Amino acid sequence: GREGIPAFNGAGCNVGAEPELALHAKSAVLVDLDNNRVLWVKEAHLRRPPASLTKLMTAVIASDLASLDTRVTVTGEAAAAEPSRMGLVAGQSLTVRELLYGALLNSGNDAAFALGDGIVPLDRFLALMNRKAGYLHLRETHFSTPNGLTDPGNYTSAYDLAVLSAYVARNYPELVAIAGTKDNAIPAAAGHPAFYPHTRNHFPAVYPGATGLQPASTNAPCGRPMPTATPARHPP
């Protein structure tokens with residue numbers, strides 16, 4: 001079974017007296033996952049374009065729908081997804097696990113889309129993403145794409161991402177392990193050539209104790225790069 005819905009206590013967090021951390025981010029939140037306490041916050045409920053942080057929810061729904069060994073056939077629409085790519089071609093067949101490596105390490109829009117329209121129809125998958133957002137009480141979140149390409153209907157907030165990240169960290173250890181991998185070799189098989197996903201998340205390499213999960217950036221309006229969603233249980 002899954003652990004309950006994460007909720008963070010901000011009672012001890014004095015927003016008016018927050019230290020200035022010189023972040024470029026317009027919104028951010030730092031929480032202690034061990035006691036669900038908010039440690040620092042900046043415009044945590046501001047609605048923002050999540051870009052590739054969308055892939056965290058895509059990974060959750062794909063894991064809910066199918067075992068990681070389930071094979072998925074890449075559609076033409078998935079193969080055409082740009083700009084960040086795993087390198088998929090229409091008709092290839094990969095497991096959910098292999099596509100998760102491509103989506104969470106390469107931030108592959110093709111891999112995320114393949115998960116979004118290869119297990120169930122895309123409209124059903126998006127409905128499940130939004131149903132899960134409702135279940136987690138993500139009140140500033142709505143998904144309209146499985147890979148996070150800029151769209152007015154695809155938005156979230158720093159607080160909602162913290163809740164989603166905590167939910168992943170507590171309930172999806174295989175996703176945490178995949179997201180925390182630096183490099184992976186996917187051998188060639190009958191349905192696809194070899195792939196060599198390499199993480200685009202540099203934060204775990206420079207902050208001991210960080211375990212993932214996903215970086216993202218967007219050139220959309222109101223958009224400096226979005227912060228990394230990164231549970232870090234053991235800061236230095």
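A salt bridge here is a side-chain nitrogen of Lys or Arg within 4 Å of a carboxyl oxygen of Asp or Glu, and by this rule the count comes to three. Welcome to a predicted model, in which local features need pLDDT of at least 70 and side-chain atom pairs count only at pLDDT 80 or more, while totals for chains, interfaces and linings use all residues. Residues are numbered from 1 along each chain as its sequence is written, and side-chain values use heavy atoms, with hydrogens and water left out.

**Overall layout**

- The protein has eight helices and four strands, taken as DSSP runs numbered from the N terminus (helices: H or I, at least four residues; strands: E, at least two).
- Starting at the N terminus, the order of the elements is β-β-α-β-α-β-α-α-α-α-α-α.
- Of the 236 residues, 51% count as buried; the classes rest on relative accessible area (buried under 20%, exposed over 50%, partly exposed in between, with a 1.4 Å probe and protein chains only).
- Among contacts (heavy atoms within 4.5 Å) with a separation of 6 or more, 63% join residues 24 or more positions apart.

**Salt bridges**

- D64 and K132 meet through their side chains in a salt bridge, at 3.1 Å from N to O. Since D64 belongs to helix α1 (residues 54-65) and K132 to helix α5, the pair ties together parts that are 68 residues apart in sequence.
- In this pair D64 is partly exposed at 34% relative accessible area, whereas K132 is buried at 14%.
- R97 and D69 form a salt bridge at 2.5 Å, N to O. R97 sits in helix α3 and D69 in the loop between α1 and β3 (71-73), so this bridge ties together parts that are 28 residues apart in sequence.
- R97 counts as partly exposed at 28%, and D69 counts as exposed at 52%.
- R85 and D110 make a salt bridge at 3.7 Å, N to O. With R85 in the loop between α2 (76-79) and β4 (93-95) and D110 in helix α4, the pair ties together parts that are 25 residues apart in sequence.
- R85 is partly exposed at 25% relative accessibility, while D110 is buried at 0%.

- The buried residues are N109, D110, A111, A112, F113, A114, L115, G116 and D117.
- Their cover includes α1, β3, α2, α3 and α5.
- N106 has its place in the loop between α3 (96-104) and α4 (109-118), and N106 is buried, with a relative accessible area of 17%.
- Leaving aside residues up to four places away in sequence, N106 touches S84, R85, M86, Y101, P197, H198 and R200. One of these, R85, is the salt-bridge partner of D110.

**Aromatic rings**

- A search of the whole structure finds four aromatic pairs. Rings of Phe, Tyr and Trp (its six-membered ring) pair if their centres lie within 6.5 Å; planes under 30 degrees apart count as stacked, over 60 as edge-to-face and the rest as tilted.
- Y135 and Y167 form an edge-to-face pair, 6.4 Å centre to centre with 65° between the planes. Y135 lies in helix α5 (residues 122-135) and Y167 in helix α6 (residues 158-171), so the pair ties together parts that are 32 residues apart in sequence.
- Y135 is partly exposed at 39%, but Y167 is buried at 1%.
- Together with Y172, Y135 and Y167 form one aromatic cluster.
- R47 lies over the face of Y155, at 4.0 Å from the ring centre. A charge sits over a ring if NZ of Lys or CZ of Arg is within 6 Å of the ring centre and within 35 degrees of the ring normal.

**A nonpolar surface patch**

- F203, V206 and Y207 form a nonpolar patch on the surface, with about 270 Å² of accessible area together. Patches are made of residues with over 30% relative accessible area and no salt bridge, where like charges are joined within 9 Å and nonpolar side chains (Val, Leu, Ile, Met, Phe, Trp, Tyr) within 5 Å.
- V206 is found in helix α8 (residues 203-206), and V206 is exposed, with a relative accessible area of 64%.

How values were computed:
Accessible areas come from the Shrake-Rupley method with a 1.4 Å probe; for residues, only the protein chains shown count as cover.
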